[in-house]
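Colleague: I have a model open and want to learn how to read its features. Can we go through them in turn?

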Amino acid sequence: MRTRQLGPFTVSAIGLGGMPLSMNSSGLPPTDRAIATVHAALDAGVTFIDTADIYAPSWDAMGHNERLIAEALNAWSGDKSTIVVATKGGITRGEGETWGRDGTEAYLRAALEKSLDALQRDTIDLYQWHRPDRSLVYAQVIETFAKFKAEGLISAIGISNANVEEIAVALDALGDGGLASVQNRFSPQFRSSADELELCTQEGIAFLPWSPLGGIGNDAEKLNADYPGIAAVARAHAVSPQQVTLAWELALAPNVIPIPGASRPESITDSVKAAELDLSDAEVQQISDSWGPQIPYAD
């Protein structure tokens, strides 16, 4: 598979988002199918997996997805040293499914230690601040992540759900090359992060679209119906609209690394083929001009 740069790592141009294996409105896949999905991604050339501590079927099962990823990697026969695993912390999830945010050093350190244990690692490859804690000064939380890196607990720092101003603050706090990635929602249905993508491209920061296909439930029929530009390009290449959508995102900038989620081996096997799908400039523009239903921005 073609590769792209993610901070200090060279990774596959398409990654795997682990969330649907642990949080899925249509029901969780059986464990054997979940592990088979991860293995299908790895066998197809994926070398980047994204997870988070809150990806779990219930509040009292935090770390579920991280443990599942670790189990799948342990059972895989390939070269595990080539696989980059990213996780996230900073969102709280408590009894009764109460959700919040905590960017204090004490909370993040405890969350990081739990993630290290769940992933069975001494160092997290890429640790990302999941969502801003608006009660705290953004730069101070970024300095906490820098401290974790200095201590050798993490190799690279990422931020998620960040706006242009927050990216700029992180860049200033971490210095040249200190910010490896920004993970924001981005898809044909959600284009509000276009400015953040542009800034990341200018600064050489990896941009990781989450829900790059629009989220759970955006199947081929819906993409074809809502986005005629995607449907037309898919027909021209005789490929799925999911492949075309991911190829479009890859074509937008050389620092884009989509992380489609999957709960079936067939889904991720199809998605990774987007890395080899070359779209013409005209096709990229055709898709960019194809605006269907949009998801409103919500912090």
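The dialogue below covers a buried threonine, a hairpin, a lysine in a helix and salt bridges.

Modeller: First, the ground rules. This is a predicted model, where local features need pLDDT of at least 70, side-chain atom pairs count only at pLDDT 80 or more, and totals for chains, interfaces and linings use all residues. Residues are numbered from 1 along each chain as its sequence is written, and side-chain values use heavy atoms, with hydrogens and water left out.

Colleague: Is Thr87 buried or exposed?

Modeller: Buried means under 20% relative accessible area, exposed over 50%, and partly exposed in between (1.4 Å probe, protein chains only). Thr87 has a relative accessible area of 0%, so it is buried. Thr87 sits in strand 5 (residues 84-89). Helices (H or I, at least four residues) and strands (E, at least two) are DSSP runs, numbered from the N terminus.

Colleague: Which side chain makes a polar contact with that of Thr87?

Modeller: A polar contact is a pair of N or O atoms within 3.5 Å; within protein, one must be able to donate a hydrogen and the other to accept it, and residues adjacent in sequence count only if both atoms are side-chain atoms. Here the partner is Glu66, at 2.6 Å.

Colleague: How do strand 6 and strand 7 pair?

Modeller: Two strands pair if DSSP finds at least two bridges between them. Strand 6 (residues 91-94) and strand 7 (residues 98-101) have four bridges, in the antiparallel sense. Arg93 faces Trp99 in strand 7. Three residues lie between the strands of this hairpin, and Gly96 has a positive phi near 80°.

Colleague: What does Lys149 touch?

Modeller: Contact means heavy atoms within 4.5 Å. Not counting residues up to four places away in sequence, Lys149 touches Ile154, Ser155 and Ile157. Lys149 belongs to helix 4 (residues 138-150). Its relative accessible area is 36%, so Lys149 is partly exposed.

Colleague: How many salt bridges does the structure hold?

Modeller: Side chains of opposite charge can pair when their charged atoms come close. A salt bridge is a side-chain nitrogen of Lys or Arg within 4 Å of a carboxyl oxygen of Asp or Glu. The structure holds ten. One of them joins Arg109 and Glu151 (2.9 Å, N to O). That pair links distant parts of the chain, 42 residues apart: Arg109 is in helix 3 (residues 105-119), Glu151 in the loop between helix 4 and strand 9 (154-160).

Colleague: Which residue does Arg121 bridge to?

Modeller: Asp125, with the closest N and O atoms 2.7 Å apart. Asp125 is buried at 12% relative accessible area, while Arg121 is partly exposed at 23%.
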